[in-house]
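Subject: Structure for you to take over

Hello,

I am handing this structure over to you. Please have a look at it first; my notes on what was found follow below it.

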Amino acid sequence: MTGACLLAGRTAALIPAAGSGTRLGRGPKAFVEVGGISLLARSVAALAPLVDEVLVALPAGMDLPPGLPARAVEGGDTRQQSVARLLAATGADVVLVHDAARPFLPGAVVGALLEAVAETGAATVALPVADTLVRGEGGLRVEDVPREDLWAVQTPQAFRRELLLRAHAQARAQGVAATDDAGLVARLGFPVRLVPGDARLFKVTAPGDLALAEALTRVWDAGAR
Ligand SMILES: Nc1ccn([C@@H]2O[C@H](COP(=O)(O)OP(=O)(O)OP(=O)(O)O)[C@@H](O)[C@H]2O)c(=O)n1
Ligand SMILES: C[C@](O)(CO)[C@H](O)COP(=O)(O)O
(Lines give C-alpha, C1' and ligand atoms only; values in the text may rest on other atoms or scores of the structure.)
(Ligands and ions follow the chains in the order given, each with its own letter.)
Protein backbone atom coordinates (compact mmCIF):
# COMPACT_ATOMS: atom_id res chain seq x y z
CA MET A 1 0.00 0.00 0.00
CA THR A 2 2.76 2.39 -0.99
CA GLY A 3 0.53 5.27 -2.09
CA ALA A 4 -2.15 4.78 0.54
CA CYS A 5 0.50 5.28 3.28
CA LEU A 6 0.77 8.93 2.22
CA LEU A 7 -2.86 9.48 3.17
CA ALA A 8 -4.78 9.55 6.39
CA GLY A 9 -7.58 6.96 6.22
CA ARG A 10 -8.67 4.34 3.74
CA THR A 11 -8.34 4.56 -0.03
CA ALA A 12 -10.56 2.85 -2.62
CA ALA A 13 -10.14 2.46 -6.36
CA LEU A 14 -13.46 2.83 -8.21
CA ILE A 15 -13.38 1.36 -11.72
CA PRO A 16 -16.30 2.14 -14.06
CA ALA A 17 -16.36 -0.87 -16.41
CA ALA A 18 -20.04 -1.03 -17.33
CA GLY A 19 -19.84 0.53 -20.80
CA SER A 20 -21.03 -1.29 -23.89
CA GLY A 21 -18.02 -0.47 -26.07
CA THR A 22 -20.11 0.74 -29.02
CA ARG A 23 -17.23 2.53 -30.77
CA LEU A 24 -14.94 -0.48 -30.43
CA GLY A 25 -17.60 -2.91 -31.63
CA ARG A 26 -16.34 -5.95 -29.70
CA GLY A 27 -19.02 -6.31 -26.99
CA PRO A 28 -18.61 -5.04 -23.39
CA LYS A 29 -15.23 -3.31 -23.68
CA ALA A 30 -13.82 -4.04 -20.21
CA PHE A 31 -13.84 -7.76 -21.06
CA VAL A 32 -11.91 -7.36 -24.32
CA GLU A 33 -8.40 -8.82 -24.05
CA VAL A 34 -5.05 -7.39 -25.15
CA GLY A 35 -2.01 -9.62 -24.84
CA GLY A 36 -4.34 -12.31 -23.44
CA ILE A 37 -5.49 -10.20 -20.43
CA SER A 38 -8.71 -8.19 -20.27
CA LEU A 39 -8.66 -4.38 -20.03
CA LEU A 40 -10.48 -4.75 -16.69
CA ALA A 41 -7.97 -7.23 -15.25
CA ARG A 42 -5.09 -4.94 -16.26
CA SER A 43 -6.68 -1.90 -14.58
CA VAL A 44 -7.49 -3.85 -11.40
CA ALA A 45 -3.96 -5.31 -11.23
CA ALA A 46 -2.41 -1.82 -11.56
CA LEU A 47 -4.44 -0.39 -8.67
CA ALA A 48 -5.02 -3.24 -6.21
CA PRO A 49 -1.52 -3.12 -4.63
CA LEU A 50 -1.79 0.65 -4.08
CA VAL A 51 -5.19 0.97 -2.36
CA ASP A 52 -7.18 -0.67 0.43
CA GLU A 53 -10.05 -1.91 -1.77
CA VAL A 54 -11.10 -2.05 -5.43
CA LEU A 55 -14.72 -1.72 -6.59
CA VAL A 56 -15.81 -2.32 -10.18
CA ALA A 57 -19.06 -1.29 -11.90
CA LEU A 58 -20.10 -4.01 -14.36
CA PRO A 59 -22.81 -4.25 -17.03
CA ALA A 60 -26.07 -5.70 -15.66
CA GLY A 61 -26.00 -9.49 -15.61
CA MET A 62 -22.20 -9.80 -15.84
CA ASP A 63 -19.95 -11.18 -13.09
CA LEU A 64 -16.39 -10.36 -12.11
CA PRO A 65 -13.96 -12.78 -13.73
CA PRO A 66 -12.66 -15.25 -11.10
CA GLY A 67 -9.56 -14.27 -9.15
CA LEU A 68 -9.81 -10.49 -9.48
CA PRO A 69 -9.19 -8.81 -6.08
CA ALA A 70 -12.26 -6.57 -6.32
CA ARG A 71 -15.93 -6.19 -5.38
CA ALA A 72 -18.58 -5.68 -8.08
CA VAL A 73 -21.60 -3.37 -8.26
CA GLU A 74 -24.09 -3.06 -11.10
CA GLY A 75 -23.29 -0.09 -13.36
CA GLY A 76 -25.75 2.52 -14.61
CA ASP A 77 -26.82 3.81 -18.02
CA THR A 78 -24.00 6.39 -18.13
CA ARG A 79 -20.44 6.55 -16.80
CA GLN A 80 -21.57 9.23 -14.34
CA GLN A 81 -24.28 6.91 -12.96
CA SER A 82 -21.82 4.02 -12.71
CA VAL A 83 -19.41 6.16 -10.68
CA ALA A 84 -22.27 7.34 -8.43
CA ARG A 85 -23.13 3.70 -7.69
CA LEU A 86 -19.50 2.88 -6.93
CA LEU A 87 -19.27 5.87 -4.60
CA ALA A 88 -22.37 4.74 -2.72
CA ALA A 89 -20.76 1.33 -2.15
CA THR A 90 -17.59 2.46 -0.36
CA GLY A 91 -16.85 4.14 2.95
CA ALA A 92 -13.24 4.97 2.02
CA ASP A 93 -11.90 8.43 2.87
CA VAL A 94 -10.21 8.89 -0.52
CA VAL A 95 -11.38 7.47 -3.86
CA LEU A 96 -9.47 7.02 -7.12
CA VAL A 97 -11.76 6.81 -10.16
CA HIS A 98 -10.14 5.02 -13.09
CA ASP A 99 -11.58 3.93 -16.48
CA ALA A 100 -11.27 0.18 -17.08
CA ALA A 101 -10.63 1.27 -20.67
CA ARG A 102 -7.19 2.73 -19.74
CA PRO A 103 -5.28 -0.51 -19.10
CA PHE A 104 -1.70 0.81 -19.01
CA LEU A 105 -1.38 2.68 -15.71
CA PRO A 106 2.16 3.35 -14.48
CA GLY A 107 2.59 3.06 -10.68
CA ALA A 108 4.53 6.35 -10.59
CA VAL A 109 1.48 8.21 -11.95
CA VAL A 110 -0.70 6.78 -9.17
CA GLY A 111 1.92 7.76 -6.59
CA ALA A 112 2.00 11.37 -7.84
CA LEU A 113 -1.81 11.52 -7.88
CA LEU A 114 -2.07 10.23 -4.30
CA GLU A 115 0.43 12.82 -3.13
CA ALA A 116 -1.57 15.56 -4.87
CA VAL A 117 -4.93 14.51 -3.42
CA ALA A 118 -3.43 14.33 0.07
CA GLU A 119 -2.51 18.01 -0.33
CA THR A 120 -5.53 19.35 -2.18
CA GLY A 121 -8.53 16.99 -1.88
CA ALA A 122 -9.06 16.78 -5.68
CA ALA A 123 -6.66 15.93 -8.50
CA THR A 124 -6.69 14.46 -11.97
CA VAL A 125 -4.08 13.04 -14.26
CA ALA A 126 -3.86 14.99 -17.53
CA LEU A 127 -1.50 15.60 -20.45
CA PRO A 128 -0.56 19.03 -21.84
CA VAL A 129 -1.90 19.20 -25.41
CA ALA A 130 0.97 18.70 -27.88
CA ASP A 131 -0.84 19.02 -31.24
CA THR A 132 -2.00 22.18 -33.02
CA LEU A 133 -5.67 22.71 -32.24
CA VAL A 134 -8.30 24.07 -34.62
CA ARG A 135 -12.08 24.36 -34.78
CA GLY A 136 -13.64 22.74 -37.81
CA GLU A 137 -16.98 23.23 -39.54
CA GLY A 138 -18.26 20.94 -42.26
CA GLY A 139 -14.84 19.32 -42.57
CA LEU A 140 -13.04 22.65 -43.04
CA ARG A 141 -10.51 24.32 -40.74
CA VAL A 142 -12.16 27.58 -39.72
CA GLU A 143 -10.30 28.82 -36.64
CA ASP A 144 -7.07 28.18 -34.77
CA VAL A 145 -7.43 27.47 -31.05
CA PRO A 146 -4.47 28.51 -28.84
CA ARG A 147 -3.20 25.38 -27.10
CA GLU A 148 -1.31 27.12 -24.28
CA ASP A 149 -2.81 26.09 -20.96
CA LEU A 150 -4.85 23.27 -22.57
CA TRP A 151 -4.66 19.75 -21.11
CA ALA A 152 -6.19 16.45 -22.23
CA VAL A 153 -7.76 14.87 -19.17
CA GLN A 154 -7.04 11.21 -18.38
CA THR A 155 -7.81 8.97 -15.42
CA PRO A 156 -7.22 8.13 -12.61
CA GLN A 157 -8.79 11.05 -10.78
CA ALA A 158 -8.63 11.23 -6.98
CA PHE A 159 -10.87 12.94 -4.46
CA ARG A 160 -11.78 13.05 -0.82
CA ARG A 161 -14.91 10.89 -1.00
CA GLU A 162 -17.20 13.40 0.74
CA LEU A 163 -16.23 16.02 -1.86
CA LEU A 164 -17.05 13.75 -4.81
CA LEU A 165 -20.31 12.73 -3.13
CA ARG A 166 -21.26 16.43 -2.89
CA ALA A 167 -20.32 16.99 -6.53
CA HIS A 168 -22.47 14.06 -7.73
CA ALA A 169 -25.38 15.16 -5.50
CA GLN A 170 -25.27 18.68 -6.99
CA ALA A 171 -25.09 17.28 -10.53
CA ARG A 172 -28.14 15.07 -9.85
CA ALA A 173 -30.08 17.97 -8.35
CA GLN A 174 -29.27 20.27 -11.29
CA GLY A 175 -29.58 17.62 -14.00
CA VAL A 176 -25.94 18.17 -15.04
CA ALA A 177 -24.01 15.58 -17.03
CA ALA A 178 -20.21 15.82 -17.22
CA THR A 179 -17.78 13.59 -19.05
CA ASP A 180 -15.55 13.20 -15.99
CA ASP A 181 -15.72 13.42 -12.20
CA ALA A 182 -13.15 16.21 -11.87
CA GLY A 183 -15.51 18.30 -14.01
CA LEU A 184 -18.30 17.79 -11.48
CA VAL A 185 -15.99 18.79 -8.62
CA ALA A 186 -14.82 21.89 -10.52
CA ARG A 187 -18.48 22.91 -10.87
CA LEU A 188 -18.64 23.09 -7.06
CA GLY A 189 -15.97 25.80 -7.31
CA PHE A 190 -13.35 23.49 -5.80
CA PRO A 191 -9.84 23.60 -7.33
CA VAL A 192 -8.69 20.41 -9.06
CA ARG A 193 -4.91 19.86 -9.24
CA LEU A 194 -3.53 18.70 -12.64
CA VAL A 195 -0.97 15.91 -12.31
CA PRO A 196 1.15 15.13 -15.41
CA GLY A 197 -0.10 11.93 -17.06
CA ASP A 198 1.42 9.50 -19.53
CA ALA A 199 0.83 8.85 -23.24
CA ARG A 200 0.51 5.13 -22.46
CA LEU A 201 -2.59 5.93 -20.40
CA PHE A 202 -4.65 6.41 -23.58
CA LYS A 203 -8.28 5.23 -23.53
CA VAL A 204 -9.04 2.22 -25.71
CA THR A 205 -12.00 3.66 -27.62
CA ALA A 206 -11.89 2.76 -31.33
CA PRO A 207 -10.52 -0.27 -33.24
CA GLY A 208 -7.21 1.50 -33.97
CA ASP A 209 -6.61 1.92 -30.23
CA LEU A 210 -6.91 -1.82 -29.81
CA ALA A 211 -4.11 -2.45 -32.29
CA LEU A 212 -1.94 0.08 -30.42
CA ALA A 213 -2.76 -1.55 -27.08
CA GLU A 214 -1.95 -5.00 -28.45
CA ALA A 215 1.46 -3.73 -29.61
CA LEU A 216 2.15 -1.99 -26.29
CA THR A 217 1.54 -5.18 -24.29
CA ARG A 218 4.75 -6.62 -25.75
CA VAL A 219 6.98 -4.11 -23.93
CA TRP A 220 4.62 -3.44 -21.00
CA ASP A 221 4.30 -7.09 -20.05
CA ALA A 222 8.05 -7.50 -20.37
CA GLY A 223 8.37 -4.94 -17.55
CA ALA A 224 8.90 -1.63 -19.42
CA ARG A 225 6.58 0.59 -17.40
N1 LIG B 1 -22.74 3.29 -18.51
C2 LIG B 1 -21.39 3.28 -18.46
C3 LIG B 1 -20.61 3.79 -19.54
C4 LIG B 1 -19.23 3.75 -19.44
N5 LIG B 1 -18.65 3.19 -18.33
C6 LIG B 1 -17.19 3.06 -18.25
O7 LIG B 1 -16.57 4.33 -18.38
C8 LIG B 1 -15.29 4.20 -18.99
C9 LIG B 1 -15.11 5.20 -20.14
O10 LIG B 1 -16.18 5.02 -21.06
P11 LIG B 1 -16.04 4.73 -22.61
O12 LIG B 1 -14.64 4.61 -23.00
O13 LIG B 1 -16.91 5.71 -23.31
O14 LIG B 1 -16.64 3.25 -22.70
P15 LIG B 1 -17.99 2.77 -23.40
O16 LIG B 1 -19.16 3.53 -22.86
O17 LIG B 1 -18.00 1.30 -23.21
O18 LIG B 1 -17.71 3.12 -24.92
P19 LIG B 1 -18.74 3.59 -26.06
O20 LIG B 1 -19.08 5.03 -25.73
O21 LIG B 1 -17.98 3.45 -27.33
O22 LIG B 1 -19.94 2.68 -25.99
C23 LIG B 1 -15.18 2.74 -19.49
O24 LIG B 1 -14.29 2.02 -18.65
C25 LIG B 1 -16.59 2.24 -19.41
O26 LIG B 1 -16.71 0.85 -19.12
C27 LIG B 1 -19.43 2.72 -17.28
O28 LIG B 1 -18.91 2.21 -16.28
N29 LIG B 1 -20.80 2.78 -17.37
C1 LIG C 1 -13.24 10.23 -17.99
C2 LIG C 1 -12.52 10.42 -19.30
O3 LIG C 1 -11.79 9.27 -19.62
C4 LIG C 1 -11.52 11.58 -19.14
O5 LIG C 1 -10.91 11.86 -20.36
C6 LIG C 1 -13.46 10.70 -20.45
O7 LIG C 1 -14.12 11.93 -20.26
C8 LIG C 1 -14.46 9.59 -20.69
O9 LIG C 1 -15.21 9.89 -21.85
P10 LIG C 1 -16.15 8.81 -22.55
O11 LIG C 1 -16.80 9.51 -23.68
O12 LIG C 1 -17.07 8.34 -21.48
O13 LIG C 1 -15.22 7.73 -23.02
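To begin with the pocket: the space that ligand 1 takes up is the largest pocket. The space taken by ligand 2 is likewise described as the largest pocket. Please keep in mind throughout that this is a predicted model.

Confidence

The mean pLDDT of the protein is 95, and 96% of its residues reach 70 or more. For the model as a whole, the scores are ipTM 0.98 and pTM 0.96. The stretch to treat separately is residues 1–5, over which pLDDT stays under 50. For residues 1–5 the model has twelve contacts beyond four places in sequence.

Ligand 1

Which residues are the closest to ligand 1? They are P16, G21, T22, K29 and S82, out of 18 residues that surround ligand 1. Sorted by class, the shell around ligand 1 consists of five nonpolar, seven polar and six charged residues.

P16 has a backbone N or O atom 2.8 Å from an oxygen atom of ligand 1. For S20, a backbone N or O atom lies 3.1 Å from an oxygen atom of ligand 1. How much of ligand 1 does the protein bury? Taken alone, ligand 1 exposes 570 Å², and the protein buries 87% of that.

Ligand 2

The residues that surround ligand 2 are R23, R79, D99, R102, V153, T155, T179, D180 and K203. By class, this shell has one nonpolar, two polar and six charged residues.

For ligand 2, the contacts to report involve side chains. An N or O atom in the side chain of K203 is 2.6 Å from an oxygen atom of ligand 2. R102 places a polar side-chain atom 2.8 Å from an oxygen atom of ligand 2. In the case of R23, a polar side-chain atom lies 3.4 Å from an oxygen atom of ligand 2. Ligand 2 exposes 360 Å² when taken alone, of which the protein buries 74%.

That is what I have for the two ligands and for the confidence of the model.

Regards

Conventions. Residues numbered from 1 in each chain as written. Chains lettered and ligands numbered in written order. Predicted model: local features only at pLDDT ≥ 70, side-chain atom pairs only at ≥ 80, totals over all residues. Heavy atoms only, no water. Near = heavy atom within 4 Å. Polar contact = N/O pair within 3.5 Å; in protein donor to acceptor, adjacent residues only side chain to side chain. Areas by Shrake-Rupley, 256 points an atom, 1.4 Å probe, with all protein chains shown as cover. 1 Å grid on protein atoms, 1.4 Å probe; cavity = no way out; pocket = protein on both sides within 12 Å on 5 of 7 lines; lining within 4 Å. Sits in = over half its atoms within 2 Å of the grid points. Nonpolar A, V, L, I, M, F, W, Y, C, P; charged D, E, K, R; others polar. pLDDT = per-residue confidence, 0-100. Contact = heavy atoms within 4.5 Å.
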